[in-house]
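Please examine the sequence and the model shown below before reading on.

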Amino acid sequence: MDGGLLLIFRELLIRRRAGEVASCLGLSPSAISHSLTRLRDLFGDPLFIRRSHGLEPTLRAIELGPRIEALIELLGAVVSDDAGFDPGGSRRRFRIACPDDVATLLGEGMVEAFRAEAPMASFSVRPAILDRAMRAVRRGEADVALGVFAQIPREFTSQVLYDDEYCVIARRGHPRVEDSVDLSTYLTIGHVLVGNPDGALADEGPFDRESISATYGEMPGPEVMRTHAYVTAWETAMLMVCATDILADCPRRLARRFADRLGLQILDPPYPPFRFEVRWVRRAGSADPGVDWLLQRIAAAAGRQP
């Protein structure tokens with residue numbers, strides 16, 4: 001693999017026509033054809049398939065695209081005097097592994113930052129939580145992971161983005177809930193829970209069973225609560241709550257974001273609230289000015305949250 005092959009791969013992925021790539025890079029069509037053969041041998045994949053409309057990238061080529069772009073930028077940093085990242089000229093696609101609710105909270109600020117500073121770059125979000133998110137960074141499938149992590153292995157570095165806690169949401173105008181909810185109502189009124197679709201909570205959900213049991217007695221499990229639905233996304237739960245008389249536990253920042261739009265009440269839970277920190281995680285010792293820039297924009301988006 002050499003820098004020339006990387007550039008040809010990137011341009012083929014962007015332009016999808018060998019003739020245009022040859023003209024852009026000042027090479028002959030035969031040189032592009034020869035390089036494409038080398039790339040196919042190197043990766044063991046056709047990479048680009050000839051169609052009537054041009055060259056169609058395979059799934060493998062699409063997956064390689066962000067990595068190739070990152071390699072080109074790192075090579076540029078090595079030979080550059082300032083070894084920095086130029087967001088205005090970058091075509092890099094940054095890869096983020098995080099839960100859907102974190103992406104929902106940070107997405108607006110991230111899009112605005114990319115539009116203003118890096119109009120040709122982009123970011124993709126891969127839904128992942130806990131160890132799965134860190135595993136994506138370890139394998140090179142993501143540049144950074146965002147979320148709640150119980151432990152940070154030595155191979156990673158991490159920083160807190162924001163603190164949050166769970167609240168209870170109900171629709172405005174609810175016949176039994178107004179401004180507050182007691183434990184009896186909370187347990188009997190009916191819930192939608194965000195967890196695994198087979199009916200098991202993802203990691204005991206928002207409940208700190210020991211602290212609740214010490215305050216209220218033994219904490220009833222989801223089998224005791226009137227639970228009508230299990231869903232995998234907070235947004236789905238909020239839409240169900242705003243249209244029915246069921247309740248849901250929800251991260252408070254997310255509830256604030258959509259409360260007025262969906263007509264939701266935000267209530268303190270009838271148990272000691274479950275608090276948590278949302279962090280970013282990246283590889284320790286990784287010299288990547290592009291990821292440094294990305295993390296600064298993520299932190300700025302996090303700082304805009306209510």
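Glu-11 is buried, with a relative accessible area of 7%; buried means under 20% relative accessible area, exposed means over 50%, and partly exposed lies in between (1.4 Å probe, protein chains only). This residue sits in helix α1, which covers residues 3–15; helices (H or I, at least four residues) and strands (E, at least two) are DSSP runs, numbered from the N terminus. When residues up to four places away in sequence are not counted, Glu-11 touches Arg-16, Val-21, Cys-24 and Leu-25, a contact being heavy atoms within 4.5 Å.

The model is predicted: local features need pLDDT of at least 70, side-chain atom pairs count only at pLDDT 80 or more, and totals for chains, interfaces and linings use all residues. Residues are numbered from 1 along each chain as its sequence is written, and side-chain values use heavy atoms, with hydrogens and water left out.

**Overall organisation**

The secondary structure of the chain comes to 11 helices and 11 strands. Of its 306 residues, 45% count as buried. Among contacts between residues at least 6 apart in sequence, 73% join residues at least 24 apart. Helix α1 also holds Gly-3, which is partly exposed at a relative accessible area of 34%. The C-alpha atom of Gly-3 is separated by 7.3 Å from that of Ile-72, although the two are 69 residues apart along the chain.

**Salt bridges**

A salt bridge is counted where a side-chain nitrogen of Lys or Arg is within 4 Å of a carboxyl oxygen of Asp or Glu. By this rule the count comes to 17. Three of these pairs are set out below.

| Glu-165 | Arg-252 | 2.9 Å |

Arg-275 counts as exposed, at 58% relative accessibility.

Asp-260 is in helix α10 and Arg-172 in the loop between β6 and α7 (183–188), so parts 88 residues apart in sequence are tied together. Asp-260 counts as exposed at 64% relative accessibility, while Arg-172 is partly exposed at 43%. Elsewhere, Arg-92, Arg-95, Asp-143 and Asp-288 are linked in a network of salt bridges.

**Cysteines**

How many disulfides are there? With a disulfide taken as a pair of cysteine sulfur atoms within 2.5 Å, the count comes to zero. For Cys-167, the closest cysteine sulfur is that of Cys-250, at 5.4 Å, which is too far for a bond. Cys-167 is buried, with a relative accessible area of 0%, whereas Cys-242 is partly exposed, with one of 25%.

Helix α5 comprises 18 residues (residues 100–117), which at 1.5 Å a residue should span 26 Å; its end C-alpha atoms are 24 Å apart, which agrees. The expected span is 1.5 Å times one less than the number of residues. A kink of about 45° is centred on Leu-106 in α5, the bend being the angle between axes fitted to the seven residues ending there and the seven starting there. Among the buried residues of α5 are Val-102, Leu-105, Leu-106 and Met-110.

A nonpolar core is a set of buried Ala, Val, Leu, Ile, Met, Phe, Trp, Tyr and Cys residues joined through side-chain atoms within 4.5 Å. The largest has 44 residues, and those with the most contacts inside it are Leu-106, Leu-146, Ile-169, Leu-294 and Ile-298. Helix α11 (residues 289–303) gives the largest share of this core, seven residues. Leaving aside neighbours within four places in sequence, Ile-298 is in contact with Ile-96, Leu-106, Met-110, Val-144, Leu-146 and Leu-161. A second, separate core of 18 residues includes Leu-6, Leu-36, Phe-48 and Ile-72.
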